[in-house]
Amino acid sequence: MPIIEVENLSKTYPVAIKEAGLKGTLNHFFRRQYRYVKAVQNVSFQIEAGEMVGFLGPNGAGKTTTLKMLAGLIHPSGGSVSVASYIPFRRQPKFLQKISLVMGQKQQLLWDLPAMDSLRINAAVYKIPDKEFKRRLGELTELLSLEDKLKQPVRKLSLGERMKAELLAALLHQPQVLFLDEPTLGLDVNAQVAVREFLKLYNQHYQATILLTSHYMADITALCDRVLIIHQGQLMYDGNLDKLLEQFAPCSEIRVEFAQVLPPEQLADYGEIEAIEGRKARFLVPREELTKTVSRILAQTEVVDLSITDPPIEETIGRLFNAGVVEEK
Ligand SMILES: Nc1ncnc2c1ncn2[C@@H]1O[C@H](COP(=O)(O)OP(=O)(O)OP(=O)(O)O)[C@@H](O)[C@H]1O
């Protein structure tokens, strides 16, 4: 049975319209008018226990709103949602024991106090016995390489250390389901890798279910086989990331540095030319012809250097948005 079940989930936010000036202010008080933002529209998906799923979409697509509904922070306008067999917006204590929501741009640790103090508060809130608290703390501190960092005020930690301490605080009660909204936001490359590695270990170690949003595609490719893609509140894709790339990135790019300048007519024979700069050229070649084309180039020309790259995933996803609704269930 899936641990997360979402069916026709929708959220519409009413936004009060306020015009400028005194008349606008008076109208705002006495005849308030609203416009309605359809942030999430009829979204349905299921996630099995232990899965790690990427949740992608451009700014304002509805990712955070969906996560907030899954975590029970906001009430859906329509549809149904169940997480670990609980209805999230009822916020039952047993449900709260099973989940955690971490938002990269918000923090729960108290700024002027050492993280350890906030961790003790969390332990009390979640009624974790002292011995168990120490055991979990030791385990997570080691996994996150946070030794020596928990006793200094949070404001003195680097951004990466703070994010790791936030994760520790969010995981102390050993949630089965983790909702992560941009957990690597603003971190440098090393810290991003550290957080990613930790999430992978945590998922394997505790069989936790993780739904993760990130604008860094490297997070998604490193962690998630499956992605959900949302655009303008609607689910456009639910399936394997590799299949998505095959479908929407049918070409790979070959970059070649030849020993001498070759005529464009000869180069055009190898693929769609993207650019020619002296002895260097870039071509787009359909994936299924890649091996054949590379062999031909190597057999027919003298090559100094050759490399093959896939187009950036962001570009591929942009193509998906232009193509319209695609589903792979
Ligand atoms: N409290 C709110 N009141 C009114 N509108 C809101 C509210 N929260 C979000 N919205 C609107 O709902 C839509 C979806 O927002 P949401 O924050 O869920 O998107 P997102 O995919 O998380 O975006 P981002 O990647 O920028 O964080 C946006 O149009 C946003 O302006």
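This is a predicted model: local features need pLDDT of at least 70, side-chain atom pairs count only at pLDDT 80 or more; totals for chains, interfaces and linings use all residues.

Which residue in E2 is the bridge partner of Val-6? The partner is Phe-45.

Strand E1 covers residues 4–17 and strand E2 covers residues 33–47. The two run antiparallel and are joined by 11 bridges. E1 also pairs with strand E4, residues 78–83, in the antiparallel sense, here over five bridges. Across that pairing, Glu-5 stands opposite Ser-82 in E4. Another antiparallel pair is made by strand E8, residues 226–231, and E9, with six bridges. In this pair Leu-228 faces Asp-238 of E9.

The table sets these pairs side by side.

| Pair | Sense | Bridges |
|---|---|---|
| E1 and E2 | antiparallel | 11 bridges |
| E1 and E4 | antiparallel | five bridges |
| E8 and E9 | antiparallel | six bridges |

**The six-stranded sheet**

E8 and E9 belong to an open sheet of six strands, ordered E5-E6-E7-E3-E8-E9, in which the pairing is mixed. Strand E5 (99–103) and strand E9 (234–240) are at the edges; each has a single partner strand, so one side of each lacks a neighbour in the sheet. From one strand to the next, the twist averages 15°. Helix H9, residues 241–248, lies across E8 and E9 and runs at about 105° to E9.

**A helix pair**

Helix H4 (residues 115–125) packs with helix H6 (residues 159–171) at an angle of about 15°, and their axes are 9 Å apart. An angle under 35 degrees counts as roughly parallel, so H4 is roughly parallel to H6. Their crossing is right-handed. On the H4 side, Ala-115, Ser-118, Leu-119 and Asn-122 take part, and they meet Ala-165, Leu-168 and Ala-169 in H6. By class, this contact has five nonpolar and two polar residues, with no charged residues.

**Around the ligand**

The residues around the ligand are Tyr-13, Val-15, Val-37, Ala-39, Gly-57, Asn-59, Gly-60, Ala-61, Gly-62, Lys-63, Thr-64 and Thr-65. Strands E1 and E2 and helix H2 (63–70) are the elements that give two or more residues to this shell. Which element gives the most to the shell? H2 does, with three residues. The shell divides into five nonpolar residues, six polar residues and one charged residue.

Notes. Residues are numbered from 1 along each chain as its sequence is written. A residue is near a molecule or strand if its C-beta atom, placed from the backbone, lies within 6 Å of it. Helices (H or I, at least four residues) and strands (E, at least two) are DSSP runs, numbered from the N terminus. Ala, Val, Leu, Ile, Met, Phe, Trp, Tyr, Cys and Pro count as nonpolar, Asp, Glu, Lys and Arg as charged, and the others, Gly among them, as polar. Two strands pair if DSSP finds at least two bridges between them. Axes are lines fitted to C-alpha atoms, for helices over the stretch in contact, and angles run from 0 to 180 degrees between N-to-C directions. Two residues are in contact if their C-beta atoms, placed from the backbone, lie within 7 Å. Angles under 35 degrees count as roughly parallel, over 145 as roughly antiparallel, 65 to 115 as roughly perpendicular and the rest as oblique. A crossing is left-handed if the near helix is turned anticlockwise from the far one by less than a right angle, and right-handed if clockwise.
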